[in-house]
Amino acid sequence: AADAAMLKLGYDKYAADAAEYKAGFDKLLADTTEQKAQYDCVAVARDAQLAKLTADAVELKAGYDKLSADNADQQEQLDKAAADAAEFKAGYDKLCVDTAEQQAQLDKASADAAEFKAGCD
(Lines give C-alpha, C1' and ligand atoms only; values in the text may rest on other atoms or scores of the structure.)
Protein backbone atom coordinates (compact mmCIF):
# COMPACT_ATOMS: atom_id res chain seq x y z
CA ALA A 1 0.00 0.00 0.00
CA ALA A 2 2.88 2.35 0.73
CA ASP A 3 4.37 1.61 -2.68
CA ALA A 4 1.05 2.27 -4.31
CA ALA A 5 0.70 5.54 -2.42
CA MET A 6 4.22 6.56 -3.49
CA LEU A 7 3.46 5.54 -7.04
CA LYS A 8 0.20 7.55 -6.96
CA LEU A 9 2.06 10.52 -5.48
CA GLY A 10 4.66 10.30 -8.26
CA TYR A 11 1.92 10.03 -10.88
CA ASP A 12 0.04 13.01 -9.40
CA LYS A 13 3.26 15.07 -9.47
CA TYR A 14 3.85 13.99 -13.08
CA ALA A 15 0.25 14.89 -13.97
CA ALA A 16 0.60 18.27 -12.21
CA ASP A 17 3.91 18.93 -14.00
CA ALA A 18 2.35 17.90 -17.30
CA ALA A 19 -0.65 20.16 -16.67
CA GLU A 20 1.68 23.04 -15.77
CA TYR A 21 3.76 22.38 -18.90
CA LYS A 22 0.58 22.27 -21.03
CA ALA A 23 -0.66 25.52 -19.45
CA GLY A 24 2.70 27.16 -20.21
CA PHE A 25 2.58 25.81 -23.77
CA ASP A 26 -1.02 27.01 -24.21
CA LYS A 27 0.00 30.50 -22.93
CA LEU A 28 2.99 30.57 -25.29
CA LEU A 29 0.71 29.53 -28.15
CA ALA A 30 -1.84 32.22 -27.22
CA ASP A 31 0.92 34.85 -26.91
CA THR A 32 2.39 33.78 -30.25
CA THR A 33 -1.04 33.88 -31.89
CA GLU A 34 -1.64 37.36 -30.44
CA GLN A 35 1.78 38.56 -31.65
CA LYS A 36 1.08 37.15 -35.10
CA ALA A 37 -2.26 38.97 -35.16
CA GLN A 38 -0.48 42.20 -34.18
CA TYR A 39 2.19 41.67 -36.85
CA ASP A 40 -0.51 40.91 -39.41
CA CYS A 41 -2.32 44.12 -38.43
CA VAL A 42 0.92 46.10 -38.77
CA ALA A 43 1.60 44.41 -42.12
CA VAL A 44 -1.88 45.33 -43.39
CA ALA A 45 -1.38 48.94 -42.26
CA ARG A 46 2.05 49.08 -43.92
CA ASP A 47 0.62 47.59 -47.12
CA ALA A 48 -2.09 50.27 -47.08
CA GLN A 49 0.54 52.99 -46.53
CA LEU A 50 2.67 51.59 -49.34
CA ALA A 51 -0.35 51.46 -51.67
CA LYS A 52 -1.17 55.11 -50.83
CA LEU A 53 2.45 56.18 -51.32
CA THR A 54 2.53 54.33 -54.64
CA ALA A 55 -0.73 55.98 -55.74
CA ASP A 56 0.59 59.39 -54.64
CA ALA A 57 3.82 58.78 -56.58
CA VAL A 58 1.86 57.83 -59.71
CA GLU A 59 -0.28 60.95 -59.33
CA LEU A 60 2.80 63.11 -58.75
CA LYS A 61 4.50 61.65 -61.84
CA ALA A 62 1.37 62.28 -63.92
CA GLY A 63 1.39 65.89 -62.72
CA TYR A 64 5.09 66.19 -63.51
CA ASP A 65 4.57 64.69 -66.98
CA LYS A 66 1.72 67.16 -67.65
CA LEU A 67 3.85 70.05 -66.41
CA SER A 68 6.71 68.90 -68.66
CA ALA A 69 4.35 68.66 -71.63
CA ASP A 70 2.90 72.11 -70.84
CA ASN A 71 6.43 73.53 -70.58
CA ALA A 72 7.32 71.94 -73.92
CA ASP A 73 4.19 73.49 -75.49
CA GLN A 74 5.07 76.88 -74.01
CA GLN A 75 8.66 76.56 -75.27
CA GLU A 76 7.32 75.70 -78.72
CA GLN A 77 5.08 78.78 -78.62
CA LEU A 78 8.01 80.94 -77.46
CA ASP A 79 10.21 79.56 -80.25
CA LYS A 80 7.46 80.30 -82.80
CA ALA A 81 7.02 83.81 -81.39
CA ALA A 82 10.80 84.36 -81.61
CA ALA A 83 10.82 83.09 -85.20
CA ASP A 84 7.84 85.32 -86.07
CA ALA A 85 9.58 88.30 -84.44
CA ALA A 86 12.79 87.58 -86.38
CA GLU A 87 10.78 87.32 -89.62
CA PHE A 88 8.98 90.58 -88.80
CA LYS A 89 12.32 92.29 -88.04
CA ALA A 90 13.78 91.03 -91.31
CA GLY A 91 10.75 92.45 -93.14
CA TYR A 92 11.10 95.73 -91.24
CA ASP A 93 14.84 95.91 -92.00
CA LYS A 94 14.10 95.33 -95.72
CA LEU A 95 11.44 98.05 -95.60
CA CYS A 96 13.99 100.43 -94.03
CA VAL A 97 16.54 99.61 -96.77
CA ASP A 98 13.89 100.02 -99.51
CA THR A 99 12.76 103.31 -97.95
CA ALA A 100 16.37 104.55 -97.80
CA GLU A 101 16.87 103.58 -101.47
CA GLN A 102 13.64 105.36 -102.43
CA GLN A 103 14.70 108.40 -100.42
CA ALA A 104 18.07 108.39 -102.23
CA GLN A 105 16.26 108.18 -105.55
CA LEU A 106 13.94 111.02 -104.52
CA ASP A 107 16.92 113.10 -103.37
CA LYS A 108 18.69 112.43 -106.70
CA ALA A 109 15.51 113.28 -108.63
CA SER A 110 15.16 116.51 -106.63
CA ALA A 111 18.81 117.35 -107.27
CA ASP A 112 18.40 116.55 -110.97
CA ALA A 113 15.25 118.67 -111.11
CA ALA A 114 16.99 121.55 -109.35
CA GLU A 115 19.95 121.25 -111.75
CA PHE A 116 17.61 121.11 -114.71
CA LYS A 117 15.71 124.14 -113.43
CA ALA A 118 18.98 126.01 -112.86
CA GLY A 119 19.99 125.18 -116.44
CA CYS A 120 16.70 126.51 -117.72
CA ASP A 121 16.94 129.78 -115.85
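User: Before we look around this predicted model, what makes a contact a salt bridge?

Analyst: A salt bridge is a side-chain nitrogen of Lys or Arg within 4 Å of a carboxyl oxygen of Asp or Glu.

User: Why is the contact of Asp56 and Lys52 called a salt bridge, then?

Analyst: The N to O distance for Asp56 and Lys52 is 3.0 Å. The cut-off is 4 Å, so the pair qualifies. Also, Asp56 and Lys52 sit four residues apart in helix α1 (residues 2-120), which puts about one helical turn between them.

User: What about Lys108 and Asp112?

Analyst: The closest N and O atoms of Lys108 and Asp112 are 3.1 Å apart, so by the 4 Å cut-off that's a salt bridge. Both lie in helix α1, four residues apart. Lys108, at 51%, counts as exposed, while Asp112, at 38%, is partly exposed. A search of the whole structure turns up 12 salt bridges.

User: What makes Tyr21, Phe25 and Leu29 a nonpolar patch?

Analyst: Patch members need over 30% relative accessible area and no salt bridge, and nonpolar side chains are joined within 5 Å. Together, Tyr21, Phe25 and Leu29 have about 360 Å² of accessible area.

User: How do you know that the chain is more spread out than a compact globule?

Analyst: The chain has one helix and zero strands. Its radius of gyration is 51 Å, well over the 14 Å from the globule rule for 121 residues, so it is more spread out than a compact globule. The C-alpha trace spans about 175 × 15 × 10 Å along its principal axes.

User: And how much of the chain is buried?

Analyst: Buried residues make up 0% of the 121 residues. The accessible surface comes to about 10,800 Å², with 66% of it belonging to carbon and sulfur atoms.

Definitions and conventions:
Residues are numbered from 1 along each chain as its sequence is written. This is a predicted model: local features need pLDDT of at least 70, side-chain atom pairs count only at pLDDT 80 or more; totals for chains, interfaces and linings use all residues. Side-chain values use heavy atoms; hydrogens and water are left out. Helices (H or I, at least four residues) and strands (E, at least two) are DSSP runs, numbered from the N terminus. Buried means under 20% relative accessible area, exposed over 50%, partly exposed in between (1.4 Å probe, protein chains only). Patches are made of residues with over 30% relative accessible area and no salt bridge: like charges are joined within 9 Å, nonpolar side chains (Val, Leu, Ile, Met, Phe, Trp, Tyr) within 5 Å. Accessible areas come from the Shrake-Rupley method with a 1.4 Å probe; for residues, only the protein chains shown count as cover. The radius of gyration is taken over C-alpha atoms; the globule rule is 2.2 Å times the number of residues to the power 0.38.
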